[in-house]
Amino acid sequence: MPPTRDSGCRRPTQRPDTAPQLPCDQPGCNRWFRNLSGLTKHKRTTHLSFSHPHQSFPDHGELLGSSGEEDPVADTTPMLPKHAFDDYQAEVPLDPEHEDMRAEYVGSSGRLYCNYHPGLNARRCDARGQFLPANAPPPPRAEKALDDWTPYRNRLEFELADFLFTHAEMPARKIDTLLDIWAASLIGLDLYRIIDSTCIGDVKWDNFTIRYTGEEQGSERAPWMSDGYEVWYRDPREVIHGILASSEFTDKLDLVPYREYDVSSDQRRWQDFMSGDWAWAQADRILHDDPTTAGATLVPIILGSDKTTISVATGQTDYYPLYLSIGNVRNTLRRAHRNAVVLIAFLAMPKTTREHANTPAFRKFKRQLFHSSLTRILSSISRPMKVPEVVLFGDNYYWRVIYSLTAYIADYEEQVLLSCIVRNWCPKCLGHRDNLDEGALRHSREHCDTIIEEFELRQAWDSYGIVGDVVPFTNDFPHADIHEMLSPDILHQLIKGGFKDHLVEWVERYLIHVHGRVEAEKILDEIDRRIAAVAPFTGLRRFPQGRHFKQWTGDDSKGLMKVYIAAIEGLVPKDMVRTFRAFLEFCYLVRQNVITEQTLTEIDGALRRFHLFREVFRNAGVIESFSLPRQHAMKHYHYLIRQFGAPNGLCSSITESKHIKAVKRPYWRTNRFQALGQILLINQRLDKLTAARADFAGRGMLNGTCLSQAFEVLGTIEECANAAGDSEERTASYEEESGEVIDDQMAVDAHVSLAHRYQRARARNVGALATELGVLDLAHLLRHFLQSQLYPNDLRDPEDIPYQECPVYEGRIRVYNSACSTFFAPSDLSGIHGMRREHIHSCPMWRNAGPRFDCIFIVTDPQAEGMCGLDVPRVLCFFSFKYQGTFYPCAVIHWFDRVGEGPDEATGMWIVRPGYRTRNLRNIAVVHIDTIYRAAHLIPVYATHNIDSRDIKPHCSYDMFHSFYVNKYADHHAFEIAF
C-alpha cells in the first residue's frame, strides 16, 4: 500500500469534561474526536497517496536515478513536549566539564567577544559518535596524489570542461562541434561522460507522484481529480551532508549558537544566523527534551520557494523550485551566489480548466498538495531532528549533528500558503485584517490548533484568518512552527511592496487628486525627467525614460529607491518627503550586515517616524487604511532580527538570484522539449563540477592558470610571468559599469589603484594637462603637492608656502581615464569576505555619450563620524609620475563645500556645492589617490533651480546645477558612511 500523509497533527489536550467519543474510521488512523464537526473536518483533510511514476524523462533515467521503491514515511508526527515553544533558557543537566558558558574574543582587533552555548557546543567525535579530546587529530583520510585529476586526465581537461559547461554555457550542439574540431587537431574529450563519472557532488534526483484520493463532489468528476502530479526532488539529508563536507566551507561555518558583543559599549550585535536568539533557544529546547544530545552540533535548515516564469512570449513556462541552505553558513557566503543555497526540488503546479480553477475543492487540493509534497521531500531528515547522526565535515572530523527546521524564505503570497492563513491577514501575528498594526500577540502552532479544535471552519476563516482544513507541513516535524519560521523579506515586503506598490503609487494618486489628471501628468513627467537626468554612478540603474514601463523587476525598484526622494522634493508636501526618508532609512538600516542594539533603536525610530508622516496620505484622501500586510510586516523586523540575525541573509533576493543560475540559464540551454529533465541533468552536472573544483582547489591543484602551469612544467617561469602580465594588461582596461564582488581578503578597509593602461592620446606633461583641464595653475598645485609628500612633518599648510620654495617637476606624466576602488562593503553585494570593487571615472568621453567626471569621498578627519569626517570633491583627472625614484599616483580634484552644519531635514542627505576661492576661481587641488575612499554620487537639488530639465543630460548634470545632495541612498555602504 503506498504511504499516505497523516493529516492529523498533534492537537492540544482535550478538556476533561468533554472526552473524545468519535474515532476516525480510516485504516491506521487512531484519532478520536469529541463531536461530529471535528471528525468531519479531520476527514476533509485528504489522505494523499504517493507513488512513483512508471516512466521518467527519456534518456535521463540513469543519471536521475529513480529508485523504483518507496520507503515508508517515518513517523513524522511526534508528540511535542509541553514547553517546546516557550521562550526560556532551559536548565539542562550537562557534563560538568562543559557546563560553563564559553566566552572568547573574536576578530583581529579584539573589539568583539562571543558567548557560546554551553550545551550544543559542537564537540568533535569519531565515526562511531564517541567524543574526542579537544586536541585530538582528525581521523586519517585516504590521501590523493596532487596530480590525481580523476575522472579528468589533467588540469587542462578539467578547466576546459568547467569553462564550456559552467561559464560559457554552450548548448550541447555547439559544444560537440567545438570538441570535434579540437579532437581532430589537438585533444579528444568526451565532455558529458567525464562530468557524469565524477563521484563527488553526486546527489541524484528522484521523483514521486501525488494523486487526489478524496471524495468526488457532484456527478461529474473534475479533470484535475484524475491527474497525477509529479514532484522531482533530491534527498535533503544528502544535500546537507554535501554542504558540511565541502572543503569550500570548512572555515566559514558557525557550529555553535553564540551571542556577540562589542567590548567598548557591551552592546549586543546580530549578524549571521547563529548569532540570533532562535538558535540559542532551540538548543535549549533540544537539550531540555533530550539531555543526551549535549555536545552535538545544531544544523538549522533554511528553505525557500518561489514560482518563476521562464518565457511568456513563447508560451507560459513556469517552474516551482525549492531551495535549501543551512543556518551555519554565514550571510556573506549565502548572498555571494556560492553553493550554500542548493536546489532540492521542483514542486508540482496543478492546473485545470477555467470551470474548475476557482472551486473550493481545487483550491484546497492545491494547498494540500503543496504541504504534502514538502512533508515527503523532507521525510529523510525527520529522525535526525530527534536523534543526532554522525556526519563527516570538510575538516575531516566527524561531528554529531541534529537538524531543525528553522526559517523559510518566501514572499507574502507564499507565506499565506505556508502558514495556512487567509489573504490580507498577517502570518506572524494575530492582528485583525482590518487593523493589522494594532498591537497583537504572535501567531503560534498551538494557538492555531486550538482555534481549529474549538471553532467551525467558517468562523476560523472569518474571525481569525485561519484555513482550518489544511495542516501545515511543519506539524509533521519536531520543534517546527511555520509562523516562527517565516523570515523577513526585504525585497517583496519593503522594496517591491512598501516602496513601489504603496508609496510611489500613492504619490501619483495624490497628484491626480490635488491637481487633476492633466496637471498631474505634467508633474509626473517632470519627476521622470529629473530621474533621467541623474548623473551616472557605478551600480546605479539608468531610467532614460523615467519610470514609465510596465514590467518592473526587483532591480528596477531598488534603482528607483536611490533617486526618487530627490526627484519629488518640491513637487509634493514636505511630510511626503519625510515619509520617504523614514521608509528609506528603515530599509537601509535593516539591510546592514551587522545590526547592533543602537541600530535597533534607530530602526524603531525610523518606523515611528514613518507611521507618523504617512498620515499625510490619509489626510489628503489618497488612502483610507494602512492595514496592508507587506507594510505591516515592518513591525516584526525588530523581533525577527533578534531571532534570526541580519535580514540580508534570509531575503528572497537570494532565491531570486538562484532562479537565474539553477532554472533560467539551464532552461535556455535545453531544446525546450520536456525541458525539466534536461534542467535537472544540467544542475546535476554543474554540482559535480563545483564539487570537483572545490576538491582540486582544496588540494592546491588550481593555483595559477593552465598557462602558468604549462610554462612551469616546461621550466620557463619567466615566459609565464611575462605572458600573464601581458594578458592582465589587455583585459584590465575593460571596465564594467556594475560593481564587482571580490573574494580576496584585504588588510585595509579601502584601497584605490589606477587603471592598468594609461591614455597615450592625452597630455604627457604638466603644461599640456593644465591646458586640457583648463587649470592654468596646475604646475603650482603640483609643487605644493610634492612639498606635502616630501616634508610630511612640516606643520605649515602647503598652500601657505610660496610655490618658489616648493619642489619642481617638469617631467613626463601618464594620464588615466579611471581608477579602481576596492573597499569593505558587506551590506552590499560583495564577496565572501565582504569586499567590493567599483570604478571611478574621469574621462573626456564615456560610452560616446559625453564626458564623465565622477565625485569621490576623501577622508579629511579620521576621528570624526559620517560626513563630518568626509569631504566630497569631483575628479578632473587621474595621472601619475615619478619623482626622485618614487611613483606618485595622483588626482586633480575640484573641492565641494558643505552647506549647513547637518543633513537636510526633509531628505536626510547632506547638501554640497562646488567650492571657489577668491576672484571666483575654482578650489582645485592635487591629492594622492591613497586619500580617496571611494566614489560618491550627487543628485541636484532640483527644487532650488529654475532650470528646464528637458535640456539636461546625465553626463552634464554636475555642470548644470550649483547645489547637490550627497546621495547616501546610492548603495548601502554610502548610507553607512554619509550620514
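**View 1. Salt bridge between Arg 614 and Asp 437.** In this predicted model, the closest N and O atoms of the pair are 2.8 Å apart. A salt bridge here is a side-chain nitrogen of Lys or Arg within 4 Å of a carboxyl oxygen of Asp or Glu. Arg 614 sits in the loop between α19 (597-613) and α20 (615-619), and Asp 437 in the loop between α11 (412-419) and α12 (445-454), so the bridge ties together parts 177 residues apart in sequence. Helices (H or I, at least four residues) and strands (E, at least two) are DSSP runs, numbered from the N terminus. Arg 614 is buried at 5% relative accessible area. Asp 437 is buried too, at 18%. Buried means under 20% relative accessible area, exposed over 50%, partly exposed in between (1.4 Å probe, protein chains only).

Residues are numbered from 1 along each chain as its sequence is written, and side-chain values use heavy atoms, with hydrogens and water left out. Local features need pLDDT of at least 70, and side-chain atom pairs count only at pLDDT 80 or more, whereas totals for chains, interfaces and linings use all residues.

**View 2. Salt bridge between Glu 526 and Arg 530.** Their side chains meet at 3.2 Å, N to O. The two residues are four apart in helix α15, so about one helical turn separates them. Glu 526 is buried, with a relative accessible area of 18%. Arg 530 is buried as well, at 7%.

**View 3. Salt bridge between Arg 898 and Asp 871.** The N to O distance is 3.3 Å. Arg 898 belongs to strand β28 (residues 886-899) and Asp 871 to strand β26 (residues 870-871), so the pair ties together parts 27 residues apart in sequence. Arg 898 is partly exposed at 33%. Asp 871 is buried at 18%.

View 4. Contact means heavy atoms within 4.5 Å.

**View 5. Val 391 in strand β16 (residues 389-392).** Val 391 is buried, at 4% relative accessibility. Not counting residues up to four places away in sequence, Val 391 touches His 241, Leu 244, Tyr 397, Tyr 398, Trp 399, Val 401 and Tyr 403. Ile 402 lies eleven residues from Val 391 in sequence and 10.0 Å away, C-alpha to C-alpha.
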